[in-house]
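Thanks for asking me to look this one over. Here are my notes, as numbered points to read beside the model.

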Amino acid sequence: IYFVKNMMKNNKTAFVTFFPISPDNMGSSAVINSRFNVWPHDKKIFQISHINKKKKKYLETVCIRKESPINKIASLPKLIFKVFKYLKNSKSKTLIIEGASWIFYSFLVLFAFKIILPSTKIIYISHSVEFEIRKKYSNLIIYSLTYFLEYLVFKNANTSTTVSKIEWRKIYRLYKIKTIIYPNGITIKEKKGKKLIKNKYIIYCGSYFYKPNKKAIDYLNNFLMPNLCKKFPKIKLVLTGGGYTKKYPWLINKNIVSKDKLYNLISFSSCMLVPLEFGSGTRIKIIESLMLGCIVLSSVKGIEGINLKKKNPPFIASSMNNQIKKLTYILNNNKKLKKFLNNNINYYNNLYSMNNITKKFLKILAK
């Protein structure tokens, strides 16, 4: 790209995340790694992590003992210093703040660089509307502070992004700020391999520590699966993402798995089930599933912001009765539905290819 070769010549880009992106075992980490891999010039990731991994050439880690807001805040000066050292001698400096964590961390990093390296171009990549999440799950002080800080971050970043038209409208309604739409995307290098689980199963992917996932997983095990097993006694529910400890006769809990194993589990599943009642942003696991040719059954909220070629499949149902009805159809017609979905794989691979999405984003920045 002409813009990349000339306007961004001698540019160093620092990607900053406030959670582990290596190992790549979450939707947000998959998006960030995919974005980083296709970003066109000198670059490095700086992460805060409680998972102590070996140092990599492209990755710097600030280690914390335990995942907690206090530990993350205490580690921010060290993170900022590492990024400063990396960018300071570059002719053109770009700082990408990945906003898949509490906005307070993004705010501190953004304003630190406004002071210590004011020539740095700062891009804030919003993964969701943070205020919406905090209002739902936090106290008045936290969500009020989040509202104020999110406004300041969107206002003061050189470029701010949202993942869909829905998120664009939400941010404009809240803060009267126009963003650039930079959709979630992914780079999939499928290694299907042999089927890892012999049973027929449906799958849900997500950490139990994230409250919308917790509610969905509790719903699946306490309500949906007991009813579904009356019709399909041998059906299993596979969970990935970690944090869940309860045991049920229908449950296969794989916890945190590698990307290859995750794609294998998704590819061979009868259905990816996403009964979310609340969420913000777009669900990368649904995008990954569609790109792998997996059947998806989602609530209206779960599939929000995703551009579908056509419905049925993917199926949309929010009540348990409708979910059971559609799961019955899916399980009885699995091969036929998967054959139909395979014809749509190229559509989703082109639409949500991180390489294609980032090229479009860079062209917008060049204008």
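1. What is the strand order of the open sheet of 6 strands, and is its pairing parallel or antiparallel? The order is β10-β9-β8-β11-β12-β13, and the pairing is parallel. At the edges stand β10 (251–255) and β13 (315–316), each pairing on one side only. For reference, strands pair here if DSSP finds at least two bridges between them. Helices (H or I, at least four residues) and strands (E, at least two) are DSSP runs, numbered from the N terminus.

2. A word on the basis of these notes. This is a predicted model, in which local features need pLDDT of at least 70 and side-chain atom pairs count only at pLDDT 80 or more, while totals for chains, interfaces and linings use all residues. Residues are numbered from 1 along each chain as its sequence is written, and side-chain values use heavy atoms, with hydrogens and water left out.

3. Within the sheet of point 1, have a look at strand β8 (residues 201–205) and strand β9 (residues 236–240), which pair in the parallel sense over 5 bridges. Ile202 faces Leu237 of β9 there. As a reminder, strands of a sheet pair through backbone hydrogen bonds, either parallel or antiparallel.

4. Another open sheet has 7 strands, in the order β3-β2-β1-β4-β5-β6-β7, again with parallel pairing. Its edges are β3 (59–63) and β7 (180–181); each has a single partner strand, so one side of each is left without a neighbour in the sheet. Strand β5 (residues 121–126) pairs with strand β6 (residues 159–162) in the parallel sense over 3 bridges. Tyr124 is the residue opposite Ser160 in β6.

5. Which residue forms a salt bridge with Glu60? The partner is Lys44, and the closest N and O atoms are 3.3 Å apart. Glu60 lies in strand β3 and Lys44 in strand β2 (residues 42–49), so the pair ties together parts that are 16 residues apart in sequence. Both Glu60 and Lys44 are buried. The terms are as follows: a salt bridge is a side-chain nitrogen of Lys or Arg within 4 Å of a carboxyl oxygen of Asp or Glu; buried means under 20% relative accessible area, exposed over 50%, and partly exposed in between (1.4 Å probe, protein chains only).

6. The whole structure holds 13 salt bridges. One of them joins the side chains of Glu67 and Lys72 at 2.8 Å, N to O.

7. Glu167 forms a salt bridge with Lys170, with 3.9 Å between the closest N and O atoms. The two sit 3 residues apart in α7, about one turn of the helix, and both are buried. Salt bridges with shared partners join Glu132, Glu167, Lys170, Lys301 and Glu304 into one network.

8. Which residues form the positive surface patch? They are Lys165, Arg169, Arg173 and Lys176. Patches are made of residues with over 30% relative accessible area and no salt bridge, with like charges joined within 9 Å and nonpolar side chains (Val, Leu, Ile, Met, Phe, Trp, Tyr) within 5 Å. Lys and Arg count as positive and Asp and Glu as negative; His and the chain ends are not counted. Charges are placed at NZ of Lys, CZ of Arg, CG of Asp or CD of Glu.

9. The nonpolar counterpart is a surface patch of about 260 Å² made by Leu145, Tyr147 and Phe148. Tyr147 belongs to helix α6 (residues 140–156) and is partly exposed, with a relative accessible area of 32%. Areas come from the Shrake-Rupley method with a 1.4 Å probe; for residues, only the protein chains shown count as cover.

10. Finally, please check two backbone angles. Most residues other than glycine have a negative phi. Lys176, in the loop between α7 and β7, has a positive phi near 55°, and this residue is exposed at 57% relative accessible area. Asn255 in strand β10 also has a positive phi, of about 55°; Asn255 is partly exposed, at 33%.
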